[in-house]
Amino acid sequence: MKTIEEFLEELINENLILAVFSGCRIKTAPPRVRIRPVEIKGKLLYQASAVEGTKEVHSNYEREELLSYMKSCLEGDYSQLQVQGRLADGSVLVSKKGKQTIRLKPHPASEPVKILAHNRIKKYILPEGTPVPFLVDLGVMNPQGKIHVSSYDKYRQINRFLEFIEDILPKLSRDREITIVDFGCGKSYLTFAMYYFLRELRGYDVNIIGLDLKADVIERCSRLAESYGYEKLHFFQGDIAGYEGLQKVDMVVTLHACDKATDYALDKAVQWGAQVILSVPCCQHELNGVIENELLAPVLKYGILKERIAALLTDGIRANLLESRGYSVQILEFIDMEHTPKNLLIRAVKTGKERSVENLAKMTEALHAELTLEKLLYPQGLSDRKGV
């Protein structure tokens, strides 16, 4: 069995794609640290990134410094390490008693790692100047790979979304086909981007299904997928609440599904036991129509404030409900507020550790805030689950 030192020596090198520390043991440390190779002034370094408060902090290391840093992390602040490499993937789990479980799995070589140049110019997963067929056909870039001025926000959004997926790659198996469902896929910018990133750039065996109510949109997206030879990218017309096409799904994506449609999509994801959920809620009207609280009444009388408070509370309640069903949940900024107010993404990763709903039940009772997702997940009500 390999030691941690041997594991790190083998995986932390020029073939590294991404390493992620999680399972934070102390409150003062960031919950997650991401490590990737970068190029600075022609030299290969390794950049560790973590969110501290509202800021993302970066630290750069030479290889030997990084190996020492990573070893100390596993001996102190973090209990889990997931590593994705061009030649092998691996993981380290450290129990509370210090027992180490180390796994290393070689796999067929993927494309050479693209080392990011570290400068003031933002480097995107889908770089400008490299034509991507679906981005050209969807009107985001021209045939030479230059981004249309009117589509630059969409281009940034696509790349930001792929960064969220890159973070959870260690949670997706390389041993079998991965099934992903995109509810309310619309024009499918992000659906095509997921397929291209996971299958073409990262080599995952994915089967992606896009679902939307608009027949013309589904027809166009199906034609495009066929023209690119994306044989495992399918589009169907259908309603989120009534979709029964699958028994097991690995990842569920729901972007800007309006109001209660987000709740139906999250419920489907939980029932499927999805390992990963990515959701950008939209138009959270339900709570705005019923929220009522004597203490908050002086603020809730202002319509615009009531609407914003209701939207934030809605997504906070959704996050807590997912935690109660065994998910680790983060609420992250999707794109800058200046581009759209719908800028929060709920990212949930299945852990199996269910959280108590007691405090949540007290809050929702005080606000008269029984949401559709609560009714779907707990038909008997949260009050019956207090202390669970």
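## Cavities

About 40 Å³ of space lies in the second largest cavity, where a cavity is a set of points on a 1 Å grid over the protein atoms alone at which a 1.4 Å probe fits but cannot get out. The model is a predicted one, in which local features need pLDDT of at least 70, side-chain atom pairs count only at pLDDT 80 or more, and totals for chains, interfaces and linings use all residues. Residues are numbered from 1 along each chain as its sequence is written, and side-chain values use heavy atoms, with hydrogens and water left out.

Lining residues have an atom within 4 Å of a point; for the second largest cavity they are Arg32, Ile168, Ser328, Gln330, Arg347 and Val349.

The largest cavity has a volume of about 50 Å³. Around it sit Val20, Ser22, Arg32, Gln82, Asp167, Ile168, Pro170 and Lys171.

## Around Glu323

Let's turn to a single residue. Glu323 belongs to helix 10 (residues 303-324), a helix being a DSSP run of H or I with at least four residues. Beyond neighbours within four places in sequence, Glu323 has contacts (heavy atoms within 4.5 Å) with Val329, Lys353, Glu354 and Arg355.

## Confidence

The chain's mean pLDDT, the predictor's confidence in each residue from 0 to 100, is 87, and 93% of residues reach 70 or more. Over residues 336-340 the pLDDT is below 50. Where pLDDT is low, predicted coordinates should not be read in detail.

Definitions and conventions
Helix = DSSP H or I, 4+ residues; strand = E, 2+ residues; numbered from the N terminus. 1 Å grid on protein atoms, 1.4 Å probe; cavity = no way out; pocket = protein on both sides within 12 Å on 5 of 7 lines; lining within 4 Å. Points joined across faces, edges and corners; volume = space filled by probe spheres on them.
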